Amino acid sequence: MVKRTGRPGYLQIADDLRAQVADGRLNPGDALPSTAQLREQYDVSAGVVKAAISVLRTEGLVVGQQGKGVFIQDRDSVESPAPPAEDGALMEQLAEVLGAVRDLGERVARLEESVFAEPPQARRPGK
């Protein structure tokens, strides 16, 4: 089922499972097929299946119950995300993050220069 499209297999599986929820083939409270069944269905490794389920879990679409399985989450029981910040506040936060990343990049560059710089007399001729 996973196609060679350049899109990672785990995302293709997550897309397919999401579509099954959207069109009603999977409903809130339904269990996903087991990892073994999904492996066989999509012809992938267990790691790929687990990565797909992890994506859906992060999105709040599924919830795992230890020893029971992974179930489609009722969207009404999922907490709504916080309302979006105003554009100005969001831009300020983005500017702060970009500044911090730039600062970290400069610090890493200086650290690499000091760690990887070869002393001028490090190599002796003939040795």
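This is a predicted model: local features need pLDDT of at least 70, side-chain atom pairs count only at pLDDT 80 or more; totals for chains, interfaces and linings use all residues.
**Helix H1**

I started with helix H1, which runs over residues 9-22 and has 14 residues. From its first C-alpha to its last I noted 20 Å, close to the 20 Å expected at 1.5 Å a residue.

I then looked up which residues of H1 are buried. They are Gly-9, Gln-12, Ile-13, Ala-14, Asp-16, Leu-17 and Gln-20. I checked what covers them, and the cover includes helix H2 (35-42) and helix H3 (46-59).

After H1 I came to Gly-24, which has a positive phi, near 90 degrees.

**Salt bridges**

How many salt bridges are there? I used a cut-off of 4 Å between a side-chain nitrogen of Lys or Arg and a carboxyl oxygen of Asp or Glu. The count comes to four.

I took Asp-15 and Arg-18 next; they form a salt bridge with the closest N and O atoms 2.7 Å apart. The two are three residues apart in helix H1, so about one helical turn separates them. I noted the general rule that an α-helix has 3.6 residues a turn, so residues three or four places apart point the same way. Asp-15 is partly exposed, at a relative accessible area of 27%, and Arg-18 is also partly exposed, at 28%.

Arg-18 has a salt bridge with Glu-59 as well, and there I read 3.0 Å between the closest N and O atoms. Glu-59 lies in helix H3 and Arg-18 in helix H1, so this pair ties together parts that are 41 residues apart in sequence.

Asp-23 is partly exposed, with a relative accessible area of 45%, whereas Arg-25 is exposed, with 51%. The cut-off for exposed is over 50%.

**Surface patch**

Which residues make the nonpolar surface patch of about 290 Å²? I listed Met-91, Leu-94 and Leu-98. I placed Leu-94 in helix H4, which covers residues 87-116. Leu-94 is partly exposed, with a relative accessible area of 42%. A patch residue needs over 30% relative accessible area, so Leu-94 at 42% passes that cut-off.

How values were computed:
Residues are numbered from 1 along each chain as its sequence is written. Side-chain values use heavy atoms; hydrogens and water are left out. Patches are made of residues with over 30% relative accessible area and no salt bridge: like charges are joined within 9 Å, nonpolar side chains (Val, Leu, Ile, Met, Phe, Trp, Tyr) within 5 Å. Accessible areas come from the Shrake-Rupley method with a 1.4 Å probe; for residues, only the protein chains shown count as cover. Helices (H or I, at least four residues) and strands (E, at least two) are DSSP runs, numbered from the N terminus. Buried means under 20% relative accessible area, exposed over 50%, partly exposed in between (1.4 Å probe, protein chains only). The expected span of a helix is 1.5 Å times one less than its number of residues. Contact means heavy atoms within 4.5 Å.
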